[in-house]
Structure formats: C-alpha cells, structure tokens
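Subject: A structure for you to look at

Hello! Here is the structure I promised to pass on to you.

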Amino acid sequence: FADHSVWDSWFVFRLCSLFKKNYFIFCRKELILSGTLSPLKDLHLGKLALTKFPKSPETWIHRRWVLQQLIQENSLPAVVNKGNLGVAPAERIHRLVQEEMDVCSEAAGRYPSNYNAWSHRIWVLQNVGKLTTKVLLDELSSTKYWVSMHVSDHSGFHYRQFLLKSLIGRTVNDNNTLVQNQMGNEQNSSLQTEEECEGAEAVCVEEQSVDISHYLEEELDFCTDLIDTYPGHETLWCHRRCVFYLQHHLINKLPLLSVAASSVDSSDETLYNSHPNPTTSHMAQVMDVDGLNESSSKQGYTQETKRLKRAPMQDSFGPEMEYRFIDKVLSTCRDVDQARFATAYRKWLVTFLGQ
Amino acid sequence: MPREDNASLVLLQGTPQKDVVIKPDAPSTLLSEKHADYIASYGTKKDDYILILYESLHVVDVNKIVEYIQSLQKEDGSFAGDKWGEIDTRFSFCAAATLALLGKLDAIDVEKAVEFVLSCMNFDGGFGCRPGSESHAGQIYCCTGFLAITDQLHQINVDLLGWWLCERQLPSGGLNGRPEKLPDVCYSWWVLASLKMIGRLHWIDREKLRCFILACQDEETGGFADRPGDMVDPFHTLFGIAGLSLLGEEQIKAVNPVFCMPEDVLRRINVQPELVS
C-alpha cells in the first residue's frame, strides 16, 4: 500500500465495491494512523466511493474522522506543519471546507433527500470551518438554485433553515460580543492560530450588522414563488413554517432554546414559553391535522378541531400576511395536496404560534 | 432500503404526493405461521447473520460493558459510537437503554446526557442526529426513548412533536420518516413507538396503518418488506410485527415502545419507564 500507483482511481473504485465496506474503512484508519496513507488521499478515495454509494453512512462517518485528523494536524505550530498544500493553515481549512461542500453537493444530487450528505455538510461548517456571516451567506447563495431544482428535497431546504438560524445566532452574538469577535470566533470549536485571528479580524470588518430580516423576507418570497410554481410539495410548506417561525422569533427577540421546554396548554402559553410544564393536552380525539377529514370519511378516525385561547398579538404583520397568503392559495389552487398543505399550515400557525 | 426510483417524481404542476398504492389483493390478515417459519429458516442460514440475541444477560460481563459505555461519553454529554468518535443521538439512546437494562444508568452523567439530547431538539419539535441536524423519525425515536429512560419526557412539547409524527402518515396509511419520503414499515415502529411514548398514538389513523403493515407481508415466504411488493428481511419483519403489537394486534405479545422488547421480559427485570398518558 505504500506504492502510490496502487491508488489509481479505477483500481480504488473497484476496491470500494469489492471489500466489505466496514473492514476496508477500518484498514484505511490504521493506514492513516501509521502515516502510510495521507488523509487527503483518503478523502479522495471516499469521494470516489460516494459517487457509487452517495448515502453510505460508513463513508460519511469515516470522512468526519479523517477531517478530525486533519484539524488536529492543523493545530501543530505552523513552522513544523507547513501542510500538505504548502499554504497557511487558514487557507488550507478554507479549501478543505470548499471541497467538502462540493462533495456533499454531488452526493445530494445523486440521492434524493440525502440526510447523510446534508448533515455532513452542516457538521463541516460547525467543526471544520467557521460559521461566519460570510460563509453562511455564501452557502445561502450557492444552494439557492439547487433547492429550486429539487423542491422535494427536505434535507436541502433544511440546510437553508440551518444557515438562516445560524445567521440569527451570529447577529445576536455580534451585537452582544463585538469585542470578543474581534479576538477570534469563540463559537467555533476549531483551534485558533495567530494567522486565523488576524483573518478573523479582517472578516469582522465585513460582518457589520447583517440585516437578517432582509434575508428572512427574501427566503419567504423565494418560498412563495416555489409554492406557486410547484403546487403540492410538502417540503415547501415545511420550509415556510420554519422561515416564518424564525421571523417570528426574531421579531419577538426570544431565546431560541425556550422552544425546548414549552407545551401547548390551556393558558396563553405560546411556543416560546420557557418554563417547563408537565405536558397536558385537551385532545381526547384524533388530531385533525390536515383537514382532509372534513371532506372524506375515514372510519374510526374522528374529527376534533382544537380550540385554543389565542396569545396576545405581538406582531400584526406576519400572521395576517400568512393568512392572506393561505387564503389566496386555497381560493386559486386546483391541487388537492396543495389545499391540504395550506390548510395544515394554517392550523399549525394557529396551534403553535398562538396567532 | 427504500427504492426511491420506483416513485415518480417529476417537477411539473400538480405533482402527486410520493406514496405507494396498495393493491386490492395485498395481504390483509396477519400470517403468523408464515413469519415464524421465515424467522426459523433464516436462523439456519448461518452466513447471513452475525448474532442471535437471547434473553441471557448472565453471560455478559456487566462491568466491562458499563466501563466501555462510560468511556464513550463526552464532555458535552454526547456519546460516541465507538473509539473512533462519531457523535450521534442514536448512541445516547443505545447507552441509556443498555445501562437501564443492566440497572446501571447512574454510571453516566445523566444530566449532561439529557442536556445534549435536548440541544438536538428542533423548532418542529423533532430531533436530529446532532445539534442543528434535520428532524428524522429514527432519531426522534431514539431521543424520545432516551428521555423516557431518563424520566425527562416532560421536556418534550408533545403536541408539537405529535403533530410532526402524525404528519408522517400518507394516504396509503403507511408512515414515512420525513416529509416527501416514501412510507416504510420500519417507520411504523419509529413513529408509532414515539407517539406511544408521548401519549399521542390516537392521532394516527390506526386502521389504515394496520392495512399498510399487513400489505407489506410476503404470502409465500413470510416476513415483511419495507413496502408492499418488495423483498422481505428480518429487520422489517421485526418492526412490522412490533408496530402491529402497538396497534393492539391480539395475536402478538405487548411490545414495550422504548426498548422494542416484550413487556413481560421488562416487567421481570423491573425496567418499564413511565410514559406520557
């Protein structure tokens, strides 16, 4: 295996298919740890394997391990570790991240709603790169066309939700800890070198107050266009729920984590209640989620419309506009599923955002 | 494995929702004998499986197991799957379930473990594999099961999560794992068990789901496939049967929704986490 001719692409490709995947991956780890196989070469190997097995969990998991090895290498003093590419660590990291974005993108195109590819993409931004405003906005921009061509791909749209949510997080943090940001990105777990701190400062100059509302509005409009163009896609309606929730959250400036401990209750508690409550429910009957029951007869599946006390209106623009949008869709659409999703969205808004 | 290429997905207006169609001649009753034969014959093909699991806790080295699991917990409360360090909420569930069965849950930092799992909760009430990851029915099952074992079900917004879960049901009656995915019998378990744990099982159309699961049987070979007409395997057979049990199938023993094990076994070792009623 020390002979590099062995790593001829075709041969490697066949190797991927022939060996029992887990054992072969184990061998690669041993080779990397012993210094026989370079991590970058292994990433190339994995990239080839993913062209044939774009979902392969073992391949993605191994890839993260290899990247961890590279990150650790990067933590060595720059003098000792001029790196495989002979460039500064920050630049090397940037190239690694870009490469991973490409690999994920390719794999996402090879298998619909590829959870493993997209969750890897998120992992890379969180653990290899930095969740800087620039990176987040670049990713938003570079994935826009792709998702518009894959309107059923829930993972693709979820990625944009992750980017937007991270942008909100950055905006909040930037406003609170601007000084700390100038010292380096403390949110990220990757190690800081002097070069990176300098880079971070330079980036910080660009990262003034990002108008996150603008990006959320843009995303909502984008969603509207897709919903109108491609009726009957649940993914698009799910995306809308999230974007609206992020806008609502932003407007109310409430901590995101308060979502975790709330429950829908008889009081005016909305989704944002931060006090954990024992969960109770008024729903003794089957939840009429999608409104289909109103027109169809399902045996043993009774209807019950949930009645809730509404929370005080904190923002009159958002939900009103959404209701108008929903009404417009319902009055003009001819697709049964579209009508169902629109109705379900309205119920979801009423039930969980207390609007 | 879901066969996505069978579903037509064309980007035109009025795209039909991704789903299967159950043929009129699909099986509609539980073929217990056939399944018993299928599992029995599968057991003779020793090359096709790694291990048969028996009710024999006394043969394992409990201390070693506990030590190993302890060694996998990280500072943020998460669990790796093995020494190579992959973090995933599924491993949190495996750790908690294993230790609960051994009566050694206190061997780990439960509070930190809970904190990590909760950090994986999303706006839609669901859970992903890591913080920030997409909600997925399989991950939801693991996180809900974990929270049941650690007595933290009250941390879940059960109406919100219940809503997401029952939206997994498609016109065919089958359940999928995420929006716009095909139904799969194993999700009849992941989704159903989760609903059971949070006390929202009645939010699903049980009759339609039952029809779907039964349609996944193979009348000739026995066993269940991921969806009607596909090849059967033990994995989907287990979850088809377990799902039917949760739906109240009389011919099947009661299955615990947290551990996917018979209730009587768990009763014997006194490991039956409290669920939301």
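What percentage of the 355 residues in chain A is made up of buried residues? They make up 52%, where buried means under 20% relative accessible area, exposed means over 50%, and partly exposed lies in between (1.4 Å probe, protein chains only).

Before you go further, please note that this is a predicted model, in which local features need pLDDT of at least 70 and side-chain atom pairs count only at pLDDT 80 or more, while totals for chains, interfaces and linings use all residues. Residues are numbered from 1 along each chain as its sequence is written, chains are lettered from A and ligands numbered from 1 in the order in which they are written, and side-chain values use heavy atoms, leaving out hydrogens and water.

**Chain A and its domains**

Chain A has 14 helices and zero strands; both are DSSP runs numbered from the N terminus (helices: H or I, at least four residues; strands: E, at least two). Chain A is divided into domain 1 (9-75 + 89-130) and domain 2 (133-175 + 211-254 + 318-354), with bounds from an automatic or database domain assignment. Their centres, taken over C-alpha atoms, are 31 Å apart.

The two domains of chain A bury about 1100 Å² between them, 65% of it on carbon and sulfur atoms. Buried area here is the accessible area (1.4 Å probe) that two parts lose on being put together, summed over both. Trp118(A), Ile122(A) and Leu125(A) supply 50% of the area that domain 1 buries against domain 2, more than any other three residues.

**Salt bridges**

Side chains of opposite charge can pair when their charged atoms come close.

Arg121(A) sits in helix α6 (residues 115-127) and Glu139(A) in helix α7 (residues 133-148), 18 residues apart. Arg121(A) counts as buried because its relative accessibility is 4%, and Glu139(A) counts as buried at 6%.

Another pairs Asp228(A) with Lys328(A) (3.7 Å, N to O), linking helix α11 (residues 212-229) to helix α13 (residues 317-332), 100 residues apart. Here Asp228(A) is partly exposed at 36%, and so is Lys328(A), at 41%.

Finally, Arg64(A), Glu86(B) and Arg130(B) are linked in a network of salt bridges.

Enjoy exploring!

Technical notes
Salt bridge = Lys/Arg side-chain N within 4 Å of Asp/Glu carboxyl O.
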